[in-house]
Amino acid sequence: MSTLTDLLRKRATSSEVGLLFEQQRYTWHEVVEAATARARYLVGQRLPGPAHVGVLLPNVPDAIFWLFAGHLAGTPIVGLNSTRRGAELAHDITHTDVRLIVTDRYGLALVDGAGVDVPVWCLDRPEDHAALDAAGGVELDEAVPDERCAVLIFTSGTTSAPKAAMRSHRALAGFGERLSAAWEVTADDVAYNCMPWFHSNALYHAVYPTLHTHGTLALRSRFSASGFVHDIRTFRATRFNYVGKVLEYVLATPPTPDDADNVLRLATGSEASDRDIAAFAARFGTRVIDGFGSTEAGVGILRTPDMPAGSLGRAADDNTVVMDPDTAFECPRARFDEGGRLLNAEEAIGEFVNKVGLAAFEGYYNNDDANAERSRNGWYWSGDLGYQDEQGFFYFAGRGYDWLRVDGENFSAAPVERIVLRHPSIRLAAAYAVPDPNTGDQLMLAVELVDGATFDPDEFTGFLDAQPDLGTKWRPRFVRVSASMPMSHTNKIRKAALRDEAWLATDPIWWRPGRERDYRRLTERDVVDLAERFAQAGRAAMAPRPEPGS
C-alpha cells in the first residue's frame, strides 16, 4: 500500500486536473506545489510540540492544500468546525493543543470570540502568503512514518464534549485503497464533496479515494441543495458523498424532466431513509450505497437488498453484536408486533460492539477516559445504541438522551441548555433528541418559566438570534412549555419521560416546520401530518406514540 506522502509525490508532476472549485481548476501538480509550499512553512515555524495545526476554513482549495501540507510535513491537522462558537470552539482548540490556526477573515472573528491566544495564518492577508514564499528553501523529510497521526477528527461520545479521534497516515491511505476498490473508483471519476472537508465522510469517501486513484475532487464553499443539479453538471461529477438529510434536501427541490441528464453514477453515505434512497436513485439515475459506520472505524454495517424497512443492514462479519453495557452480555434479539413496533425494547436495546474493532480504533487525543470507555473487555464499544433481530439485521436506537445527531452533526444537549438558561424568563431547560421523520434526530427543548412569565415565540426567536455561541444545528425544532418538569428523586429532569412523550404531550408546544426560523403553535393537524411523514419514510415504528387510553 502506498503511503500518503508517496501518493502526493507521485502526483507532483501530473498535469491532470486534481481539484475543481467553483470556476477554478487546479492540476495535481498545482495542488501538490501549493501543499509543498505550506509544508515548508510549517516545518520552518518550528512549532512547539505537539505541533498540531487547526484549520478553520470552508470547502475552499486552501483547506485541501493545508491538509496535504500537514501530511508532507508530518504535522497533524485538526479540522475546526465553524459551527462551534465561543467556549466550545476554544475547547476544541486548546484540548487538541493547536499551535497554529489557519483561517480566513470570517474565521478570525470566530477565533477572536473564542478568546484563545494562538498564532494565526490568514488566507486573506497578503503578508501571510508572502511568508510562504520566504520558506521556499526549507527541506522536507522524504518519509513520514505510517503510524504518525495525520488528522484529528472531532466526533461525539458519551462525555460532555466532542472527542478528537486520531487517524494515522496508514489508516487514511487504507481507506483510500479499500473504498476505491469497493466502489470501483478510477482516475476518470470526479468526486463532488458536499460535506465539510474535515468531516470523516468527506475524508473517507471523497478526499482519500480521489488521492489514491489520481482522480478529481470537486468543491463548493458551501453546499446548496438548489444548486445540486447545476453543480454535478458543471463539474461533470460521477460520484458524490453525503450524511444524513442531504438527499432529503435535494429531493425537496422542484424536479425537472431532465434531472437524470447527468454523468453521476454513484452516491455514497449514511443515514438516509429508505424512501429517500429509492427516490434519489430514480430521479437522478444513479446508484446509492448507504451504510452505517463511525469516525473511529470500529463498527461498520452495510445495507443489503433483503433488509427490512427501517433497519441499517447487516454487519460485515459475526464480530459485531449488541451488548448490554452493564453486564457485557449479548442482548436478546428484538421482537416486533404486526405493525413493526419493538416489543422488548428494555432487554433488546444495547450498545453496538465489535469484538475485534480495536484493531481499527486508534484512540482519542488527550482523553484516557474515553479511550477506556471504548475498549472495555478488549472489545470496541461504539457508544451507539441499537438492537438486532432474529435474522441478524441491526437497527439504530440513538446515542442516549444527552447526545443528538441533527443533519449529520453530533452534539451534546448541555451547551444548548446553558445558552437557553440565559433567558431571564426560563427557570429550567432540557434539550433532548426526538426522532426525525426521515433520518437521525431533531432537537426538542422543554422549558419551565419563572413565575408570572409567558412564552413569546417571536421574542424567543430574537433571543436565539442574539446568542453568538449558538451552533448552527442547535436551534430547537420543538419547544415545550411545561408548568412543571418531570423530576427524579434526585431532583434531576427526567429526559427519558420527555423524549417518550415528544410532541404528544399535553403541554403547549411550539415548533418550526421545515427550514423556518419562526415558531408557531403545534396543532392536531400537524401531529397527524408528522405521523404520516414517518409512515411515508418507512419509519412508522420510530414515531412517538400516545400512551394507551390517552
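## Starting at V78

V78 sits in strand β4, which covers residues 77-79. Here helices (H or I, at least four residues) and strands (E, at least two) are DSSP runs, numbered from the N terminus. The residue is buried, with a relative accessible area of 0%. On this scale buried means under 20% relative accessible area, exposed means over 50%, and partly exposed is in between (1.4 Å probe, protein chains only).

Setting aside residues up to four places away in sequence, V78 touches H52, V53, G54, V55, T96, V98, L152 and F154. Contact here means heavy atoms within 4.5 Å. D92 is 14 residues from V78 along the chain, and their C-alpha atoms are separated by 9.0 Å.

## What you're looking at

This is a predicted model, where local features need pLDDT of at least 70, side-chain atom pairs count only at pLDDT 80 or more, and totals for chains, interfaces and linings use all residues. Residues are numbered from 1 along each chain as its sequence is written, and side-chain values use heavy atoms, with hydrogens and water left out.

## The chain as a whole

The chain has 17 helices and 26 strands. Its radius of gyration is 24 Å, close to the 24 Å that the globule rule gives for 550 residues, so the chain is as compact as a globular protein of that length. That radius is taken over C-alpha atoms, and the rule is 2.2 Å times the number of residues to the power 0.38. Along the principal axes, the C-alpha trace spans about 75 × 55 × 55 Å.

Of the 550 residues, 57% count as buried. Take the contacts between residues at least 6 apart in sequence: 68% of them join residues at least 24 apart. The chain exposes about 23300 Å², and carbon and sulfur atoms supply 50% of that; the areas come from the Shrake-Rupley method with a 1.4 Å probe, and for residues only the protein chains shown count as cover.

As for charge, there are 57 positive and 76 negative side chains, and the centres of the two sets lie 1 Å apart. Lys and Arg count as positive and Asp and Glu as negative, while His and the chain ends are not counted. Each charge is placed at NZ of Lys, CZ of Arg, CG of Asp or CD of Glu.

## Two nonpolar cores

In soluble globular proteins, nonpolar side chains tend to be buried together. The largest nonpolar core in this chain has 56 residues, and L67, F68, V151 and Y208 touch the most other members. Such a core is a set of buried Ala, Val, Leu, Ile, Met, Phe, Trp, Tyr and Cys residues joined through side-chain atoms within 4.5 Å. Helix α3 (residues 61-73) gives the most to this core, with nine residues.

F68 makes contact with L8, W28, V31, A35, V207 and L211, leaving aside its neighbours within four places in sequence. A second, separate core holds 27 residues, among them Y242, V246, L247 and A267.

The peptide bond from G49 to P50 is cis, with omega near -10°. P50 belongs to the loop between α2 (28-45) and β3 (52-56).

Then there's phi. D97, which is not a glycine, has a positive phi of about 55°; you'll find D97 in the loop between α4 (86-95) and β5 (98-103). A502 isn't a glycine either, yet has a positive phi of about 50°. Its loop runs between α16 (495-501) and β25 (509-511), and A502 counts as buried because its relative accessibility is 0%.

## Charged residues, in and out

K163 is part of strand β8 (residues 163-168). Is K163 buried or exposed? At 2% relative accessibility, K163 counts as buried. N371 is 208 residues away in sequence, but the C-alpha atoms of K163 and N371 are 9.9 Å apart.

R475 lies in the loop between α15 (457-465) and β24 (478-481), and at 16% relative accessibility R475 is also buried. Beyond residues up to four places away in sequence, R475 touches L443, T461, L464, D465, R512, R517 and Y519.

D112, in helix α5 (residues 105-114), is exposed, with a relative accessible area of 62%. D112 and M307 are 195 residues apart in sequence and 49 Å apart in space, C-alpha to C-alpha.

## A loop leucine

L421 falls in the loop between α14 (413-420) and β22 (426-435). With a relative accessible area of 39%, L421 is partly exposed. Leaving out neighbours within four places in sequence, L421 is in contact with I426, R427, L428 and A429. L421 and V447 are 26 residues apart in sequence and 9.1 Å apart in space, C-alpha to C-alpha.
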